[in-house]
Amino acid sequence: LLCKKCCSRFLLLPREIYPHDDPQRLCTDCYKKISIISFEKKLEAGGIAEGPTLLLIHDACYNRAAWHIQMDILSKQFRVIALDLPGHGSRLDEDLTLKSALEAVQDAITNHVPEKKALVMGMGFGGYVAMVYAGQYPEHCTGLILCGAAFNSPGEQTFYDMRTALYKMLPGQALSGVMSSMEVDGTKEPNLMVSLRYLMRAGFHYDQWPKVQKILKTTDFVMHLRSYDGKVLFVNGERDKRSDEKALLASANDSVLQVILGGDHLMYWDEKQYPELHKFVVQFATTLDLLPSFDDHEGTESLESLLGDLSV
């Protein structure tokens, strides 16, 4: 609390230190001490050791903790790995570029997956990284799942520019207040608060947004997606930004679209939405023969029970 040199990283302090729900800006040393993620490792792995590998790539400005619900639920079917992108989480001291992001994904698959292949799933910015990775390294992808990654058309660049200007112009304390409003005060749904508190205890990386924007503005994702011959599942929230959805669907060689009715960009944290997301993931994996179809199970649980309730 007495940091002399604050950074642009924010997290929710333990309640015994600060009994409120707004993230605070800390110096890097304090951030590493207080964040709930381990900085000794660059990814989390769990689930069924002999199961197919599901690799999770988080959205911009978050870290691998963003997938904590999926790490719990989908570990019933997969060996699940959630990595940190450069500039985020345990890699916060690394420079974020498209090249370094692809290297982080390649490191996870080649050094932590025995079969050197994974079902790659990305959310938002992580979905765009996954598109490029699949286009460049198709031999390491058993399939591709893109969630909330359908809004990189030129018409969205104004949104990116405004967000970048906001991050650059506001002083730290003012930015903390704005981010608190965006992350907490703007979300009144009680079912989201448990997930968001967990995510805020891991921390945010708003300082990375200008680098994220540069990647989004200078990369031809349609071209990379067109280079991938494998199957692609798009999962979008009905109310999320979807301006590029048709172009991306058309560029994929073998794709299917699933829309979460009433859903938005918080599909993997909102208990009203993530059961549908998880169902789509498992169903897609059965079409890839990574998992047996549920008609093949004898005396086992239904899909709904296998993906049952989560107590966070």
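User: Let's start with a side chain. Is Glu276 buried, partly exposed or exposed?
Analyst: Glu276 is partly exposed, with a relative accessible area of 30%. Keep in mind that this is a predicted model.
User: Which residue forms a salt bridge with Glu276?
Analyst: Lys279 does, with the closest N and O atoms 3.1 Å apart. Both residues sit in helix 11, 3 residues apart, so about one helical turn separates them. Lys279 is partly exposed too, at 23%.
User: Where does helix 11 lie?
Analyst: Helix 11 covers residues 274-287 and lies across strands 4, 6, 7, 9 and 10. It runs at about 170 degrees to strand 9.
User: What sheet are those strands in, and what is its order?
Analyst: It is an open sheet of 7 strands, in the order 3-5-4-6-7-9-10, with mixed pairing. Strand 3 and strand 10 stand at the edges with a single partner strand each, so one side of each has no neighbour in the sheet. On average, neighbouring strands are turned by 20 degrees against each other, direction ignored.
User: How do strand 6 and strand 7 run, and how many bridges join them?
Analyst: They run parallel, joined by 6 bridges.
User: Is strand 7 enclosed or open to the outside?
Analyst: Strand 7 is largely enclosed by the rest of the structure, because 6 of its 7 residues are buried.
User: Back to charges. How many salt bridges does the structure hold?
Analyst: It holds 12. One of them joins Glu94 and Lys42, with the closest N and O atoms 3.1 Å apart. Glu94 is in the loop between strand 5 and helix 3, and Lys42 is in the loop between helix 1 and strand 3, so the pair ties together parts 52 residues apart in sequence.
User: Which residues are linked in a network of salt bridges?
Analyst: Lys41, Glu44, Arg64 and Asp84.
User: What about Arg201, is it buried or exposed?
Analyst: Arg201 is buried, yet has no salt bridge. The nearest side chain of opposite charge is Glu16, 6.6 Å away. A salt bridge needs the nitrogen within 4 Å of a carboxyl oxygen.
User: Then what lies 3.0 Å from a polar atom of the Arg201 side chain?
Analyst: The backbone oxygen of Leu12. Arg201 also touches other residues, including Pro14, Ile34 and Ser35.
User: Which helix holds Arg201?
Analyst: Helix 7, residues 190-202.

Technical notes: Residues numbered from 1 in each chain as written. Predicted model: local features only at pLDDT ≥ 70, side-chain atom pairs only at ≥ 80, totals over all residues. Heavy atoms only, no water. Pairing = 2+ DSSP bridges. Helix = DSSP H or I, 4+ residues; strand = E, 2+ residues; numbered from the N terminus. Axes fitted to C-alpha atoms, helices over the stretch in contact; angles between N-to-C directions. Contact = heavy atoms within 4.5 Å. Buried < 20%, exposed > 50% of the residue type's maximum accessible area, 1.4 Å probe, protein only. Lys, Arg positive; Asp, Glu negative; His and termini not counted. Polar contact = N/O pair within 3.5 Å; in protein donor to acceptor, adjacent residues only side chain to side chain. Lists of a residue's contacts leave out its neighbours within four places in sequence.
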